[in-house]
Amino acid sequence: MTLSEGFRKARYGLPTRCTNRAFLDHCPERIAEIFHYWDGLRGDRRMPCRADFDPAEVVRHLPSLLLIDVEGVDDRGSAILRYRVVGTEEVLLRGHDPTGKLVSEGFVGPSLEVVMEAYELVRKERCFLFELLEFKTHRGVMRSEYGILLPLSEDGTNVSQILVYSLMRDADEEG
C-alpha cells in the first residue's frame, strides 16, 4: 500500500487500511470509541502522550489493548518495537504472553512483514491506522479482525509508543 492511497476496499466493502476518518462510517462502535478517546486526548496536537491516557477511562476495552514501545531504529531504519502491555484477550489469541518481547517474537497477523508495515506507517507518518486483517492464528484457525493503531508521543514530534486495539470481526455486533 502506498501512503497516498488512504484506504483500499476489502471484499466486505470495508477499508482494509485507512489513515483518514472515512473508516468511522463502517467500523464497529468499540473501535470508534477508542479512536474518539484518543482523538479527544490529542486535542490540537498531532498525537497525545502516554501520560494523557487513563486506562480507567476505557476499562471495558483493556483486554483487547496493546501498548508497544518504539525503542529506536535498527541499522536499516526500521523501528525496534517491544510489547509493554498486552491485554488478556491478546494473550489468549497468541497462546502466550509476549509482554517484554519484541514484536517480531510475539506478533499475530498475516505475516511479520504486513504487521511491521502497519507499525512503520504509523511511526513514520505519525498517523493513526485502521485495518481489517485476515490471518490464521497459531492454532490454525482463520480470524478476521478490525484493528486501530494510535500513535503516542512524549516529545510531540516522534512516535514513542503505539496503542493498538483489535476486535474480532464477529464481535462488532455485540456493540
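Helix 4 contributes four residues to the lining of the largest cavity, the largest share. The model is predicted, so local features require pLDDT of at least 70 and side-chain atom pairs count only at pLDDT 80 or more, whereas totals for chains, interfaces and linings use all residues. Residues are numbered from 1 along each chain as its sequence is written, and side-chain values use heavy atoms, without hydrogens and water.

One cavity of 30 Å³ or more was found, a cavity being a set of points on a 1 Å grid over the protein atoms alone where a 1.4 Å probe fits but cannot get out, with lining residues having an atom within 4 Å of a point. The largest cavity holds about 220 Å³, volume being the space filled by probe spheres set on the points, which are joined across faces, edges and corners. Its lining comprises 20 residues, with Val108, Tyr119, Leu133, Glu145 and Val164 nearest the centre. At least two lining residues each come from helix 2 (88-94), helix 4 (112-125), strand 5 (129-136), strand 6 (142-152) and strand 7 (161-168); helices (H or I, at least four residues) and strands (E, at least two) are DSSP runs numbered from the N terminus.

Helix 1 (residues 29-42) has 14 residues and should span 20 Å at 1.5 Å a residue, which agrees with the 20 Å between its end C-alpha atoms; the expected span is 1.5 Å times one less than the number of residues. Ten of its 14 residues are buried, so helix 1 is largely enclosed by the rest of the structure (buried: under 20% relative accessible area, 1.4 Å probe, protein chains only). The buried residues of helix 1 pack against strand 5, strand 6 and strand 7 (contact: heavy atoms within 4.5 Å).

Technical notes: On a 1 Å grid over the protein atoms alone, a cavity is a set of points where a 1.4 Å probe fits but cannot get out, and a pocket is an open set with protein on both sides within 12 Å along at least five of seven lines; lining residues have an atom within 4 Å of a point. Buried means under 20% relative accessible area, exposed over 50%, partly exposed in between (1.4 Å probe, protein chains only).
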